[in-house]
Amino acid sequence: MTSLVLSASSAATTLLIIVISIFVVRRRNSQTSLTAKKVIPLDVTSSSLEPTTLSKSLASALPDIVIFPHDAAAFKQSMNSYWAQQECEVIPACVVRPRDVQQLCAAVTVIKREYDKRQKQPGEEMAQGLFAIRSGGHSPVPGAASIKGGAVIDLSLLCEVSPSEDGSSVVIGAGAKWADVSKVLDGKGIAVVGARNSAVGVGGSTLGGGLSFFTPRFGLVGSNVLSYELVLASGSIVKASASTNADLWRALKGGSNNFGIVTCFTVRSFPCTKIWSGFLYLLPSQAAKVLAAFHECVNRAASDDPGASYAAGPMACFTYIQKLSLQAIAVNLAYTKSPENGKKWPTYWSTSSFGSLWRLWSTCKIRTITSATDEMSVLNPPGRRQVFATTTIKNDPDTLAAAYAAYSDAIASLRRINVRGLVWTLVLQPLLPDWVSTGDTNPLGLYDCHNEPLVIVSFTVNWDERRDDEFVKMTTRRAVEQIDAVAAANKTGHRFRFLNYCAEWQRPLESYGDENWRFLQGISRKYDPEGLFQKGCVGGFKLDIAHREA
Ligand SMILES: Cc1cc2nc3c(=O)[nH]c(=O)nc-3n(C[C@H](O)[C@H](O)[C@H](O)COP(=O)(O)OP(=O)(O)OC[C@H]3O[C@@H](n4cnc5c(N)ncnc54)[C@H](O)[C@@H]3O)c2cc1C
């Protein structure tokens with residue numbers, strides 16, 4: 001009896017601590033996202049920040065749009081607007097902020113001239129690259145959208161959102177964030193297939209394929225782009241659509257920054273007023289039940305259940321918060337139409353195992369896209385050191401358990417080191433090959449999977465101090481490798497790696513399979529024969545083309 005009372009009271013205490021900690025973390029996150037103040041180690045007197053030949057040429061061609069470090073306020077504002085703190089610390093020689101496509105063309109022409117000059121005098125300089133492209137600045141990979149001592153092409157002023165009169169498409173500037181898009185579209189009762197976090201940039205997320213609440217219904221974000229406008233290495237503006245440069249159009253649906261700078265996307269839109277979405281918060285002791293429910297729901301997503309195409313997720317997040325020495329589980333569920341007959345939950349989810357799981361708290365409700373994507377953004381504030389890494393497995397219970405074991409095993413070593421401010425999260429989410437083949441054709445290489453459900457496994461980790469960078473990165477990589485080893489042994493792994501969640505050491509473009517990899521290389525050779533976007537443009541994932549030998 002005593003032990004029963006004790007265990008009941010310790011369960012109550014645990015519950016209370018978890019509720020308080022979730023509240024504290026959410027509050028802290030929402031405050032951080034509103035007031036985030038990042039201190040960047042920017043020494044404007046440093047000789048490394050002297051204008052380079054390239055930045056001087058850019059300033060002389062485009063004096064009004066080039067920001068140098070000595071313009072401290074504007075320069076720091078630009079540097080501080082990256083999401084990951086490490087990216088804020090990659091200091092370029094200048095930032096170029098074009099206000100229109102012509103200015104962007106002029107900048108690319110200057111950069112290409114410098115590139116051609118350097119190509120003729122091979123040396124170490126060239127290896128460093130000349131420029132980086134930045135849209136929303138949300139990549140967790142340091143140097144993906146900035147370049148030490150080079151020129152950052154910052155597209156944030158190209159942020160128009162223009163719905164067509166008939167509501168069937170929207171033109172979106174590549175520098176817009178998804179919040180800019182949903183704020184315009186919510187009021188018009190239409191939506192597009194966009195990322196699930198309002199602070200994420202349209203440019204990077206769309207060019208990496210892009211997962212959306214609407215993916216089960218309409219496919220990936222990139223698979224719903226009717227046409228791209230981009231500036232090629234030659235400085236010319238081209239369109240890529242199903243009828244014009246169709247090969248480039250396909251390559252851009254997952255090929256990232258390898259072919260040119262995309263200035264705007266024309267994307268399909270459809271009627272949508274509100275969706276149902278939110279998080280369930282659960283006790284860490286429910287991990288096994290959450291894994292079982294997740295496995296069941298992923299299989300159900302692949303079934304011919306009529307509700308399946310409206311159901312996004314589950315996105316199951318297992319988190320360890322070092323400061324509180326606590327774990328918590330959060331599961332995001334979404335349904336892209338309102339529940340039937342005014343019910344609180346759509347039948348699809350209330351009849352799933354998640355419907356009957358005991359939970360501490362739920363934020364699930366009918367809401368606008370802005371509200372649904374803001375919820376994700378508030379939980380992931382800027383200004384922290386970040387790392388992402390990912391792998392893909394089949395929806396196999398043992399391999400899911402192995403992913404959870406890799407997450408748990410790492411907690412022990414992270415605890416020993418006491419990484420300040422560490423939040424260590426394992427995220428599981430479904431990826432059905434059917435979803436990837438819905439919408440326009442893409443180069444992701446998932447057409448031959450016979451709709452065997454896959455699971456994207458990712459680690460999203462953040463912490464406070466630079467001294468812990470290497471340890472956290474190494475721990476994350478080991479955890480991914482641990483899962484891959486089990487998956488390889490069980491034959492439950494998959495070669496695909498979702499580019500938008502990859503760490504710098506991963507090779508997402510190769511994971512699309514040989515044929516697609518060669519296709520992307522061919523598109524690069526065709527539209528960028530001198531390899532400006534392979535060698536001159538740093539950051540992101542490249543195609544490994546030896547252009548000089550080609
Ligand atoms: C908290 C969080 C939530 C996320 N949620 C989602 C999600 O729901 N769905 C999803 O698919 N992904 C998601 N992601 C991943 C996200 O899509 C990638 O990090 C993406 O790269 C961010 O795009 P960006 O424009 O903000 O980033 P940036 O850092 O500006 O750019 C990322 C890369 O894209 C290239 N690039 C950007 N714009 C252009 C352009 N116009 N032309 C050529 N190259 C360009 C850059 O050079 C860079 O290499 C999320 C990431 C985070 C951190």
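Colleague: Where is S60 found?
Modeller: S60 is found in helix α2, residues 53-61. Helices here are DSSP runs of H or I with at least four residues, strands are runs of E with at least two, and both are numbered from the N terminus.

Colleague: And is S60 buried or exposed?
Modeller: S60 has a relative accessible area of 61%, so it counts as exposed. The cut-offs are under 20% relative accessible area for buried and over 50% for exposed, with partly exposed in between, using a 1.4 Å probe and protein chains only.

Colleague: How far is S60 from V110?
Modeller: Their C-alpha atoms are separated by 9.9 Å, and the two residues are 50 apart along the chain.

Colleague: Before we go on, what sort of model is this?
Modeller: This is a predicted model, where local features need pLDDT of at least 70 and side-chain atom pairs count only at pLDDT 80 or more, while totals for chains, interfaces and linings use all residues. Residues are numbered from 1 along each chain as its sequence is written, and side-chain values use heavy atoms, with hydrogens and water left out.

Colleague: Thanks. How many helices and strands does the protein have?
Modeller: There are 19 helices and 18 strands. Of the 550 residues, 59% count as buried. Taking contacts as heavy atoms within 4.5 Å, residues 24 or more positions apart account for 75% of those with a separation of 6 or more.

Colleague: Let's do strands. What is the strand order in the open sheet of 4 strands?
Modeller: The order is β1-β2-β4-β3, with mixed pairing. Two strands count as paired if DSSP finds at least two bridges between them.

Colleague: Do β3 and β4 run parallel or antiparallel?
Modeller: β3 and β4 (residues 151-154) run parallel, joined by 4 bridges. F131 stands opposite A151 there.

Colleague: Moving along, which strand joins β12 by 9 bridges?
Modeller: That is β13 (residues 326-335), and the two run antiparallel. A311 has Y335 as its bridge partner in β13. The two strands form a hairpin with 4 residues between them, and S325 in the turn has a positive phi of about 50°.

Colleague: What about β17, how many bridges join it to β12?
Modeller: 6 bridges, again antiparallel, with β17 covering residues 423-431. Y320 stands opposite W424 in that pairing. β12 itself (residues 311-321) is mostly covered, with 11 of its 11 residues buried.

Colleague: How many residues of β16 are buried?
Modeller: 9 of its 10 (residues 385-394), so β16 is largely enclosed by the rest of the structure. It is joined to β18 (residues 454-463) by 10 bridges, and these strands run antiparallel. R385 is opposite W463.

Colleague: On to rings. How many aromatic pairs are there?
Modeller: The structure holds 19. In one of them, the ring centres of W83 and F388 are 6.0 Å apart with planes at 80°, so that pair is edge-to-face. Phe, Tyr and Trp rings (the six-membered ring for Trp) pair if their centres lie within 6.5 Å; planes under 30 degrees apart count as stacked, over 60 as edge-to-face and the rest as tilted.

Colleague: Where in the chain do W83 and F388 sit?
Modeller: W83 is in the loop between α3 (72-79) and α4 (85-88), F388 is in strand β16, and the two are 305 residues apart, so to speak linking distant parts of the chain. W83 and F388 are both buried.

Colleague: Which residue has its charged end over the ring of Y348?
Modeller: R300, 3.9 Å from the ring centre. R134 likewise lies over the face of Y82, at 4.3 Å from the ring centre. The test is NZ of Lys or CZ of Arg within 6 Å of the ring centre and within 35 degrees of the ring normal.

Colleague: Last topic, α17. Which of its residues are buried?
Modeller: D469, V472, T475, T476, A479, V480, I483 and A487. Seen down the axis they fall within an arc of 155°, so they line one face of α17; the arc is that of the directions from the helix axis to the C-beta atoms. The face turned away carries the exposed residues E470, R478, A488 and A489.
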